[in-house]
Amino acid sequence: MAELHDRLREAVRRSEGRDGELSAAIVDSQSVKADATVAHTTRGFDAGKKVNGRKRHLLTDTLGLLLDVLVTPASTTDRDAARSLLPAAKDRFRRLARIWADGGYTGHLTDWTLQHLGIVLDIVRRSDDVQGFQVLPRRWVVERSFA
């Protein structure tokens with residue numbers, strides 16, 4: 001199934017005038033409430049969003065096409081999840097050299113990603129003077145994939 005998905009993604013990328021093999025991606029996460037039927041061992045509390053449930057971590061290419069998914073308890077930080085998600089992505093996508101992310105991925109992860117994976121992790125921040133919704137360069141692509 002993964003091979004079929006990879007071939008379809010490459011075909012879509014080529015039809016959009018892109019190289020079939022990607023060199024950049026976008027990573028983000030989304031916390032979602034878990035139903036009472038979800039085992040306590042697979043859910044957690046995201047204090048920032050005040051959600052008791054799970055967190056979906058998505059890695060997409062620059063067109064928003066899915067590259068990888070990781071589901072964790074909501075209490076898992078974005079940085080911790082990225083340490084699992086990104087090495088697997090680098091193994092699958094050899095040309096991957098740049099990943100855009102939000103402020104949840106700041107800190108030592110940017111240095112670790114460059115040192116251990118050879119990937120530049122660019123943090124795209126919101127402007128402090130803008131209130132409400134703001135379209136952020138590159139990051140809107142993964143947000144559209146969540147939608």
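Helices (H or I, at least four residues) and strands (E, at least two) are taken here as DSSP runs, numbered from the N terminus. The model on screen is predicted, so local features need pLDDT of at least 70 and side-chain atom pairs count only at pLDDT 80 or more, while totals for chains, interfaces and linings use all residues. Residues are numbered from 1 along each chain as its sequence is written, and side-chain values use heavy atoms, with hydrogens and water left out.

Of the 147 residues, 41% are buried, where buried means under 20% relative accessible area, exposed over 50%, and partly exposed in between (1.4 Å probe, protein chains only).

Next, select helix 1 (residues 2-15), in which L8 is placed. L8 is exposed, with a relative accessible area of 51%.

Then move to the loop between strand 2 (44-46) and strand 3, and select K50. Most residues other than glycine have a negative phi. K50, although not a glycine, has a positive phi of about 55°, and K50 is exposed, at a relative accessible area of 63%.

Now select helix 2 (residues 78-92), whose 15 residues reach 21 Å from the first C-alpha to the last, close to the 21 Å expected at 1.5 Å a residue; the expected span is 1.5 Å times one less than the number of residues. At S84 the helix bends by about 25°, and a proline, P87, follows within four residues; the bend is the angle between axes fitted to the seven residues ending at a position and the seven starting there.

Show the side chains of D78, A81, A82, L85, L86, A89 and K90, which are the buried residues of helix 2. They pack against strand 1 (24-33), strand 3 (51-61), strand 4 (66-73), strand 5 (98-101) and helix 3 (108-117), with contact meaning heavy atoms within 4.5 Å.

Finish at R79, also in helix 2, which counts as partly exposed at 33% relative accessibility. Leaving aside neighbours within four places in sequence, R79 is in contact with G104, Y105, T106 and L109. Select G103 as well, and the C-alpha atoms of R79 and G103, 24 residues apart along the chain, are separated by 10.0 Å.
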